[in-house]
Every structure is written in structure tokens, then in C-alpha cells.
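Dear colleague,

Please find the structure below, handed over for your study. My notes on what was found follow it.

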Amino acid sequence: MQNAIITGIASYVPDDILDNEMLSKMVDTNDEWITTRVGIKERRILHDEGKGSGYLGTKAVQKLLAETGTEPGEVELLICATSNPDYRFPSTASVILHESGLTNAYGYDIQAACAGFIVTMQAARAYIQAGLYRKIVVVCAEKMSSMTDYEDRATCPLFGDAAAAVLIEPYDGDDLGVIDGEFHVDGNGLPHLLMKAGGSVKPASHATVDAREHYIYQEGRAVYKHAVSDMLSSSQNVMRRNNLSVDDIDWFVPHQANLRIIEAVGGRIKVPQEKVLVNIQHYGNTSAASIPLCLDEYKKRLHKGDKIVMTAFGAGFTWGAMYLIWAYDPE
């Protein structure tokens with residue numbers, strides 16, 4: 001059976017930076033309060049009118065194709081993970097396919113909130129192992145600012161905009177690529193993290209707009225508690241199944257939601273801080289894009305054969321972990 005490996009990675013973030021000082025002029029907060037509680041100093045925001053997650057994803061895919069020397073016509077499938085689609089329909093994948101010139105590829109969206117990258121990687125892995133496709137692009141594109149309430153001091157410091165894409169191809173062997181993954185969903189998390197209006201249960205109306213129900217609603221304490229517990233348990237389960245000790249792991253890559261969550265999970269697993277990849281201070285929480293954005297930023301430090309454990313938690317509640325042996329060498 002063929003394994004699925006990453007043969008390229010690229011990311012895109014907007015140029016405009018919203019730092020804590022600028023944010024403090026918009027809402028009652030300050031740099032110390034934000035840094036102490038979530039560890040974020042700045043986030044990137046896409047201000048261009050008429051451009052959404054599809055634009056961010058297209059930029060990341062175009063960079064990926066250029067850096068890997070891949071012709072658009074070679075790509076057979078594109079899977080887009082996003083919680084911020086350009087439209088209710090059509091899919092954001094179809095927008096990215098068109099704008100990137102991937103005329104021979106099929107595409108569709110996955111909505112797994114902040115766990116979108118690892119969930120989508122598992123889908124790509126299944127297609128590769130089934131022999132259905134040989135070149136797959138996984139792209140995570142999130143214009144988080146589009147559903148962030150900049151009058152809510154509890155949530156607006158958290159989120160930023162970004163996209164990241166990886167190229168997935170088959171590999172004959174079990175010593176590289178996606179080795180294992182574990183995924184969970186618990187609908188009891190619905191009341192704690194959601195957008196209350198805009199769906200079929202509560203369609204948009206003057207009342208829902210006036211009540212500011214088209215923005216992220218989050219009960220921070222409940223989300224923190226479940227995120228730490230669930231990211232920890234899923235990571236430990238993957239490690240246990242694959243006989244991995246902390247010493248065996250080269251890199252631990254958690255979803256970049258909150259520095260306190262990252263430190264709590266890493267500390268309980270007892271992963272040394274120097275093995276934990278973190279870039280939340282510069283980008284904030286970019287939802288599905290956060291893990292591949294982090295991998296792309298650190299890719300010059302990653303080496304073929306490195307053992308990586310990734311974990312994420314998001315709305316749903318949806319969470320999981322993935323064990324990956326790195327195959328991509330940018331040199």
C-alpha cells in the first residue's frame with residue numbers, strides 16, 4: 001500500500017498587520033492583557049474589498065505550484081479546509097481551482113473548523129492509499145476577520161487571516177508520510193463555540209444582524225478546558241499506538257489557538273519547549289491554516305525523517321492528532 005507524503009508546502013498571509021496597540025484603539029483592551037492571556041502580539045488582516053478566503057487560498061496554491069515546479073494540469077484533486085467560505089455555494093475549492101488554473105482537478109470543501117488541516121490530510125491520505133489520485137493539493141484558507149466581532153474584547157484579539165497549501169503524493173514505503181491519525185467529534189460542544197445565525201436554523205434577518213449573531217461566539221473557559229484535555233488525549237493515544245516516547249518526537253505542532261493552551265498541552269506531554277513549533281505571536285489563530293502555516297514557517301528546520309505529532313481542536317467540538325514522518329526537503 002502506498003503512503004501519502006508532503007512533497008511541497010507554501011503559505012500566504014496578507015500584508016496588513018493589526019497589532020495589539022492598534023487593536024486597543026478599537027476595543028477596550030491592551031497589549032499586556034492580550035499577551036498575558038493568549039500570547040498574541042499581532043495578526044494579519046485581509047482588508048481588500050471583494051476578496052475572501054478563496055483569494056488567500058489561491059495565493060497559497062499559486063506559490064505551492066511555483067515552488068514545486070508543478071504544472072496546474074498535473075493536479076488531480078484539491079481539497080479546501082475552511083470555516084469562512086466565499087459563499088454558501090459554490091464551494092471555495094471551485095473558486096481556487098478556477099483562479100489557479102487547475103482545469104483537470106476535482107475539488108470540494110471540508111468544514112472541520114480549526115482541525116481542518118489534519119482532517120483534510122486524512123482524506124488525502126485515503127485517496128492516495130486507494131490509488132484514486134496521485135497529485136492532491138490540500139489548501140486551508142481562512143479569512144477569520146470576516147466573522148470576528150471587533151467590539152468583543154474577549155474574541156477579537158484571537159483571530160487572523162491566512163492560507164497554506166501542501167502537495168500530497170504517493171510514496172512506496174512506510175518510513176515517510178502520514179503514519180497515523182485519530183479524530184473525534186462531540187456535538188455537545190455546539191453551545192460553547194459557534195456562529196449563532198446565518199445558517200438554515202437561524203437565517204439572516206435584521207434581528208440577527210442587530211444582535212451581532214453573525215460573528216464568532218465563544219465561551220472561553222469551556223473551550224480552554226476541552227481543548228487542553230482533548231488535544232492531550234488524542235496526542236497521547238497516537239504516540240502510544242506508534243510506540244513513540246517524547247524522546248522519539250522531533251517536533252510537536254499544536255493548533256495555534258492560544259499560547260496558554262499550547263503550553264499546557266506540551267507541558268503535560270512533557271515535550272521540551274524547543275521541540276514545540278509556535279508562531280501564534282505573529283499571526284493569531286488562523287483556524288485550519290494554523291498548523292500548515294507553522295510548518296511552512298519552520299520548514300528550513302525540518303529534515304527528511306523527522307517525526308512530527310500534530311494536534312488540533314475546534315468548533316464541533318472537533319479534535320484529533322496526526323503522526324507524520326517528514327518527507328519534504330526544500331533544498
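In helix α3, the residues S53, G54, L56, G57, T58, A60, V61, L64 and L65 are buried; buried means under 20% relative accessible area, exposed over 50%, and partly exposed in between (1.4 Å probe, protein chains only). Please note that this is a predicted model, in which local features need pLDDT of at least 70 and side-chain atom pairs count only at pLDDT 80 or more, while totals for chains, interfaces and linings use all residues. Residues are numbered from 1 along each chain as its sequence is written, and side-chain values use heavy atoms, with hydrogens and water left out.

Helices (H or I, at least four residues) and strands (E, at least two) are DSSP runs, numbered from the N terminus. The buried residues of α3 pack against β1 (3-12), β4 (77-81), α4 (92-100), β6 (136-143) and β7 (161-171), where contact means heavy atoms within 4.5 Å. The 16 residues of α3 (residues 53-68) should span 22 Å at 1.5 Å a residue, and the end C-alpha atoms are 22 Å apart, which agrees; the expected span is 1.5 Å times one less than the number of residues. After α3 comes G69, with a positive phi near 65 degrees.

Strand β7 contains A164, which counts as buried because its relative accessibility is 1%. Leaving aside neighbours within four places in sequence, the contacts of A164 include A60, V138 and L293.

Next, the open sheet. Its 4 strands follow the order β8-β13-β12-β11, with mixed pairing; two strands pair if DSSP finds at least two bridges between them. β8 (177-185) and β11 (251-254) each have a single partner strand and stand at the edges, so one side of each lacks a neighbour in the sheet. From one strand to the next, the twist averages 10 degrees. β11 pairs with β12 (residues 307-314) in the parallel sense over 4 bridges, and W251 stands opposite I308 in β12.

Two helices deserve attention here. Helix α5 (residues 116-130) packs on the sheet, touching β8, β12 and β13 (318-325), and its direction makes about 125 degrees with that of β8. Axes are lines fitted to C-alpha atoms, for helices over the stretch in contact, and angles run from 0 to 180 degrees between N-to-C directions. Helix α7 (residues 220-241) lies across β8, β11, β12 and β13, at about 150 degrees to β12. The axes of α7 and helix α8 (residues 259-269) come within 9 Å and cross at roughly 35 degrees. Among the residues making this contact are Y224 and M231 of α7, and I261 and R268 of α8.

Finally, some backbone details. A cis peptide bond joins F89 and P90, with omega about 5 degrees; P90 is in the loop between β4 and α4. Another cis peptide bond joins G316 and F317, with omega about -20 degrees. A113 has a positive phi of about 50 degrees although it is not a glycine, and A113 is buried, with a relative accessible area of 8%.
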